[in-house]
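Have the viewer open as you read.

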Amino acid sequence: MNHLPNIFYKKWETRWAGDIYLIYVIWFLLAAIAVTAEISRGLTGIDNYLIFEGVFRHVVQEKYLFSYYPDEYVSFNNYGPAFSLVIAPFALLPTYIGCFLWAIANAAALFYALKLLPIEEKHRIIVYWIVLIEMMTSIHSVQFNPMFTAFFIFSYVFTIRGKDWLATLFIALGFLTKLYGIAGLAFFFFSRNKLQFVLSFIAWMAIIVVAPIVYSSADYIMQTYEDWYYQIIRRNQQNIDNSRTAGMQDISVPGMIRRIFHYYGPIDLPIIAVAGTLFGIPLLKKQNQLSATFGLSYLALVLLSVVIFSSAAESPTFVIAVTGAAIWFILQEKPISNYVKILLAILFILTILSPTDLIPPYIRINIILAYSLKALPCFIIWCWLIISCWKIHLPKFSSGQ
């Protein structure tokens, strides 16, 4: 009887992971359905895209990026001027066409990034299936998160392939669009040419900072970066305050502490400091840097860390963390243990399915959201990976490449 779960896993792996074309179709079909559903609601359904579009337009017009523009969109912008480079090709199109192509580009970027991972094809398909629903959740919000997830994966993949100049492009672009993109610098330790890595990163930072000047002005861009800094500080405090009313932001480890214990003191920096120490020390071991398993484990850790320790974390952001969790899953030794299966099931219930109608509204709102429990499975997986990376002997894993 003990062999039945593993036999079932092998049959599932063969049946579903074997047909790559099935996931191709479903992935892009669900992305198209999600964005079409939001477009069908009119401008209210694509408010996030209107904000993104507005970043480019306001940079061109040299307007203050962080004002309230009720005639254009409902919420506020939190992106800096570098984001105008990312959204420009879509903002130049009619709004609904640009929005649709933006959503598909996000889905395609993540799909292609996962395709580049140095893992076996059967494992890659499993990752696609695990990430699928979170990708669709993010697309429903016409968010940037699937593409942002791809930036981290591109950074890792190009680093281990020796293409530091390309890897650091995505780290710099990620950092200047969402500050926690700086976590991609962890991949420095996997570079075979660390000097080239550093110089490339500095060069890309300079290029991306000044590039919007082409369609704006130097004084405006420099001032806007300063404005962005203060906007991030304000937004962080707003997110923390949001926890007092069990709002949609701060779905994080500090957010869980705030909401469960009703403690709103300064806990973020101590938590991040401890997590950063646990995260960083194993990177210093040279033998670890040469391990394929260790490298993929750290990619997973980066993807999990930037979400679960951020006060800006909200439901559409978790496509980043769940991608890390999916990588953790395929790294597990076979046969898959019952502990791994139970944790995967909890991940699906509390994290992946919690925003959907499959979870009763009372549970979704009064338990999962009220206590930021969407972050809990991802935190447990983060701890699991940290323990694995601190061990001298890592589990064997075949990349298939």
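Predicted model: local features only at pLDDT ≥ 70, side-chain atom pairs only at ≥ 80, totals over all residues.

A residue counts as buried when its relative accessible area is under 20%, as exposed when over 50%, and as partly exposed in between (1.4 Å probe, protein chains only).

Residues are numbered from 1 along each chain as its sequence is written, and side-chain values use heavy atoms, leaving out hydrogens and water.

On secondary structure, the protein chain has 18 helices and zero strands; these are DSSP runs, with helices being H or I of at least four residues and strands being E of at least two, numbered from the N terminus. Along the principal axes, its C-alpha atoms fill a box of roughly 65 × 55 × 50 Å.

Contacts (heavy atoms within 4.5 Å) tell you about the fold too: among those between residues at least 6 apart in sequence, 74% join residues at least 24 apart.

Now the cysteines. How many disulfides are there? The count is zero, a disulfide being a pair of cysteine sulfur atoms within 2.5 Å. For Cys 389, the closest cysteine sulfur is in Cys 383, 12 Å away, so it is too far for a bond.

| Residue | Relative accessible area |
|---|---|
| Cys 99 | 0% |
| Cys 389 | 2% |
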